[in-house]
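Colleague: I have some questions about the terms used for this model. Please set each one against its definition.

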Amino acid sequence: MSELIRMNNVSKIYNKGKSNEVVALDSVDFTLERGESLAVMGVSGSGKSTLLNVIGCMDNMTSGEYYFDGKEVHNMNDNEIARLRGDKIGFVLQSYGLLPSESVMSNVEMPLYFMKGSSMKDAKRRVYTTLESLGIEELAKRKVKTLSGGQRQRVAIARAIIKDPDIILADEPTGALDSETAKNTMELFAEIAKSGKSVIMVTHDVNMAKYMNRTVYIKDGKISN
Amino acid sequence: MKKVLMYFKKDIAVNLFVIFELFVVTLLMGFIIAMGSYGKGDKEVVTLCAYLGVVTAILLVMTTITDKVVNKEKNRYFYSVCFSLGETKNSIFIMNTVKTVLITAVALIITWIIVPIMDPYGDQFLIKNKETAIATFIVIGYTALLIALDAVIIYYSDMLKDFHGGNDNE
């Protein structure tokens, strides 16, 4: 396995220099191999979501070095970071992050609008292939707001994987699901990891963490294995 | 184009309403300017112009509220989703600006089609092209204001917070 992510001495400080300064990540050193699945556990406010956001290039780090597939993310401009976020990273959230009034098709197709060189004819085919791979092709024309929590999460996963990213980042993906649906969703993540994609999942549920290869704990912005 | 359509489609009812409001505003402005020009010194005309001016102002405020306040959370959530899928804030702003310009253009085109029908004989008391042109420039200026408001919303939004806020906003 080759290294996909390396973080050296990464810190994230909110409101730096102000009276309400918060150190969310404190000199974090972290690596993730390609194809590895990882659970990040910690109590609320420990910095686990911040770590995920920095890894996912949704948030900038305050200091440190971040390498994604050997590329220096800490030296990238906004456009390069956006391209990395769009092409290489897929997000799955507890709150799904979908557009409820749009169809499943439109939601899953959406990342392809932001992808250079993607034809719309090809897009439809890709959407159907992706939905089929998750067993939800019959939902293609349904509006997201008419779906159950489990179905919405599958749609969110479909949207995350449609661009064939190197890594899936999931922030409490089973937090809003019942135990049976959560188990099915985790099995899906385990399958995705087996297919060679890296997965990082933030969770506070030890039963969900078991589906990942490795677990790290984060406390006061510091990581421990 | 598909991307611009997506930005337009997400709030199609609101966008159609804004087009309608801008169309009415342009017509009213043209009418006020025409009345004001031809009825100088006529108290009744001045009073009518003042009333119509108030109605126009209310419509413009309504347009802003509809487009930017009522939909603020919804828009920010949408921008955040786009951001997470690989859009830059610059690209979101550009797409949104194209959408706003298209909305204004549609409203103005409708106005310019309607005006000749309303004033086929060049009647002084109906809206004439010159007055409509002045109104058009005023509406374009107003559109620039809407775009500036968008810039504030997009560039000063915490995309992360909005994105993680969940889709209850939609």
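Modeller: Start with strand E7 (residues 167-171) and strand E8 (residues 198-203) of chain A, which run parallel and are joined by five bridges. The model is predicted: local features need pLDDT of at least 70, side-chain atom pairs count only at pLDDT 80 or more, and totals for chains, interfaces and linings use all residues. Residues are numbered from 1 along each chain as its sequence is written, while chains are lettered from A and ligands numbered from 1 in the order in which they are written.

Colleague: What makes E7 and E8 of chain A strands, and why are they called paired?

Modeller: Strands (E, at least two residues) and helices (H or I, at least four) are DSSP runs, numbered from the N terminus. Pairing needs at least two DSSP bridges. E7(A) and E8(A) have five, so they pair. Ile168(A) has Val199(A) as its bridge partner in E8(A).

Colleague: In the order E6-E7-E8-E3-E9-E10 of chain A, what makes the sheet open, and which strands stand at the edges?

Modeller: Strand E6 (89-93) and strand E10 (222-224) of chain A each have a single partner strand, so one side of each lacks a neighbour in the sheet. The six strands form an open sheet with mixed pairing.

Colleague: How do you know that Met201(A) touches Met212(A)?

Modeller: Contact means C-beta atoms, placed from the backbone, within 7 Å. Met212(A) is among the residues that Met201(A) touches, as are Val40(A) and Phe189(A), leaving out residues up to four places away in sequence.

Colleague: How many residues does each chain give to the contact between A and B?

Modeller: Chain B gives 17 residues and chain A gives 24.

Methods. Contact = placed C-beta atoms within 7 Å.
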